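User: I'm new to reading protein models. Could you walk me through one, a feature at a time?

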Amino acid sequence: MGDCFFCKISSGEIPTEFLFEDDKVVAFRDIDPQGPFHILIIPKEHYTSIKEVKDKSLTGHMFSVGNRVAEDNNIENFRYIINTGEEAGQTVFHVHLHLIGGRRMTWPPG
Ligand code: AMP
Ligand code: ZN
């Protein structure tokens, strides 16, 4: 995926500070944070959306990494979001798990 921005972030082509990195995923701060703490957890491998990710160990790992980064940053209450498809608010078509915390949340989301 030569022109995918998040592939360039995860490969290091675009220098980005990672809060977590291993061979499967990276976590970094959202450029337009929707709360005091807003990170994205993405697989290094390119998948357009969560619907393409058939590997349950990868989806599980993304959540484990989110839990760990939240704990490392003393974020006890947070929300996970995976926007899937344009109508659901997906704007970047490399799957990413949002973790937003540090403020009171309302329900339902808009
Ligand atoms: P979504 O709308 O669910 O596809 O989320 C895409 C997210 O990526 C948005 O929250 C953007 O603020 C975020 N984003 C876009 N470009 C960057 C970037 N260069 N670095 C960090 N986050 C980004
Ligand atoms: Zn990509």
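User: Let's start with S10: is it buried or exposed?

Analyst: The general idea is to look at relative accessible area, where under 20% counts as buried. This is a predicted model, by the way. Here S10 has a relative accessible area of 5%, so it is buried.

User: Which helix is S10 in?

Analyst: S10 belongs to helix α1, which covers residues 5-11.

User: And what does S10 touch, leaving out residues up to four places away in sequence?

Analyst: For touching, you check for heavy atoms within 4.5 Å. With those sequence neighbours left out, S10 touches F18, V26, I42, P43 and K44.

User: S10 has a polar side chain atom, I see. Which backbone oxygen lies 3.2 Å from it?

Analyst: That's the backbone oxygen of C7.

User: Okay, zooming out. How many helices and strands does the chain have?

Analyst: You'll find two helices and five strands. Follow the sequence and they come in the order α-β-β-β-α-β-β.

User: Why can we call the chain as compact as a globular protein of that length?

Analyst: You compare its radius of gyration with what the globule rule gives. For 110 residues the rule gives 13 Å, and the chain's radius of gyration is 13 Å, so the chain is as compact as a globular protein of that length.

User: What share of the residues is buried?

Analyst: Of the 110 residues, 38% count as buried.

Definitions and conventions
Residues numbered from 1 in each chain as written. Chains lettered and ligands numbered in written order. Predicted model: local features only at pLDDT ≥ 70, side-chain atom pairs only at ≥ 80, totals over all residues. Heavy atoms only, no water. Helix = DSSP H or I, 4+ residues; strand = E, 2+ residues; numbered from the N terminus. Rg over C-alpha atoms; globule rule 2.2 N^0.38 Å. Buried < 20%, exposed > 50% of the residue type's maximum accessible area, 1.4 Å probe, protein only. Polar contact = N/O pair within 3.5 Å; in protein donor to acceptor, adjacent residues only side chain to side chain.
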